Amino acid sequence: MPSAPTTSIDLGAADVVADPYPHFARERSRHDVAWHEPSGMWLTFTHAAAGAVLRNRSLGRIWLDREPAAYLEPFNLLHRHQMMENEPPEHTRLRRAVAGAFNRGHVERLRPRVRSLAASLLAEVDPAGFDVIGEYAEPLPVLVIAELIGLSTTDVPALRTWSQAIVRMYEPSPSQQVVDEAVSAATEFADHVREHLDRRRREPGEDLTTDLLAAGLAEDELVAAVVLLLNAGHEASVNVFGNGLVALLSRGLRPGADAALTVEEMLRFDSALQLFERTATQTVEVGGVVVEEGQKVAALLGAANRDPAVFAGADTFDPGRESNPHLAFGAGVHFCLGAPLARMELVESLTALFATHPGLRLVGEPESRGTFVLRGFRRVVVGTHPQEV
């Protein structure tokens, strides 16, 4: 019997973090799935294998508390009760409660507000040169998700700080400083959400928190749901916008006639979420390899979204690409619940940016966040051509 394929790709190496796609292409030419000894899990490199991982019910999201459990309890608590970290029937119960609240017309109700926020943020920037992440792409979705949850705009800076501290824990081998900052952020974030829940119990509003309180979730489940919505509700939008905008401008491109198609290409071309883990609940075959019960397998979404077997000109950014079955929002039961909100925000913010500044260009070199799992830019300075200033 032939031995299983292996890979030694270093997901934390500077060249992989800077541009993982040539590395993925080399691996894809050798195997669909390979064992990665450094992380102790299988990695997928093709669209078919990643899709199989995401959809196979024998591969689940099984949360195991991070160690040391006592010290990391604030972080673990926010994940143990999340729908994203559970499988049916718990996942079904938790997702149904959030989906029921999320789907009560909230997304479309927010479209005029997104347009208003985009216009007001763009009115404040210096067209000769501004950080499109810090001054536009970041505050807009944070303000939107805070409004959806019913939080004050004065909470926004803290929400972003807490979120960034928590998501850095998802990277390979986080440092002790990252761990300490995540624990502190999780503690403060949870305390803030509990205070907000208490306010909404006394003073219901027309927001998602009020709807969630009526869904019958336990207190820790409510806290985890609100934190997940606040984090996931803006992290992806910020990074997709930054990654996609850099891809556009660095190639001298502009959004296509249909902004929605351009947004889908932004989601595909440089995926904001690169890796999504699952655990085998029984022995299962994926991409020609046998994944034993208890073993982990990670769908590399960025690799899947550049698979030339699925996407013609996979390494070309095509703003008008029509056939685009990317996996940026996942697939199966864990498909991103906030995808409609993210898509709406991205279309509206991209349209507003180029309507206001049609001559937009990059000014200097974009500054990467330097992370692999959640891929994005910390700072991207843009400006208009001199004649438009």
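Helix 13 is the main contributor to the lining of the second largest pocket, giving four residues. The space in that pocket comes to about 280 Å³. There are 17 lining residues, and those closest to the centre are Ala18, Val246, Asp270, Arg375 and Phe377. Two elements give two or more residues to this lining: helix 1 (14-18) and helix 13 (219-250). Helices here are DSSP runs of H or I with at least four residues, strands are runs of E with at least two, and both are numbered from the N terminus. A pocket is an open set of points on a 1 Å grid over the protein atoms alone, where a 1.4 Å probe fits, with protein on both sides within 12 Å along at least five of seven lines; lining residues have an atom within 4 Å of a point. The volume is the space filled by probe spheres set on the points, which are joined across faces, edges and corners.

A word on the source. This is a predicted model, in which local features need pLDDT of at least 70 and side-chain atom pairs count only at pLDDT 80 or more, while totals for chains, interfaces and linings use all residues. Residues are numbered from 1 along each chain as its sequence is written, and side-chain values use heavy atoms, leaving out hydrogens and water.

Now the rings. Rings of Phe, Tyr and Trp (its six-membered ring) pair if their centres lie within 6.5 Å, with planes under 30 degrees apart called stacked, over 60 edge-to-face, and the rest tilted. That rule gives eight aromatic pairs. One of them is Trp35 with Trp42, edge-to-face at 5.2 Å centre to centre and 70° between the planes. Trp35 is buried at 18% relative accessibility, and Trp42 is buried at 5%. Buried means under 20% relative accessible area, exposed over 50%, and partly exposed in between (1.4 Å probe, protein chains only).

Phe269 and Phe317 form another edge-to-face pair, at 5.3 Å between centres and 80° between planes. Which parts does this pair tie together? Phe269 is in helix 14 (residues 259-269) and Phe317 is in the loop between helix 15 (301-304) and helix 16 (339-356), so the pair links parts 48 residues apart in sequence. Phe269 counts as buried at 3%, as does Phe317 at 4%. The ring of Phe269 also has the charged end of Arg306 over it, 3.9 Å from the centre. The criterion is NZ of Lys or CZ of Arg within 6 Å of the ring centre and within 35 degrees of the ring normal. Elsewhere, Tyr21, Phe24 and Phe372 make up one aromatic cluster.

Two side chains to finish. Thr44 lies in strand 3 (residues 41-44) and is buried at 0% relative accessibility. Its side chain reaches the backbone nitrogen of Leu300 at 3.1 Å. Polar contacts are N or O pairs within 3.5 Å; within protein, one atom must be able to donate a hydrogen and the other to accept it, and residues adjacent in sequence count only if both atoms are side-chain atoms.

Ser349 is in helix 16, buried at 6%. A polar atom of the Ser349 side chain lies 3.3 Å from the backbone oxygen of Leu346. Leaving out residues up to four places away in sequence, Ser349 touches Tyr136, Leu140 and Phe241, where contact means heavy atoms within 4.5 Å.
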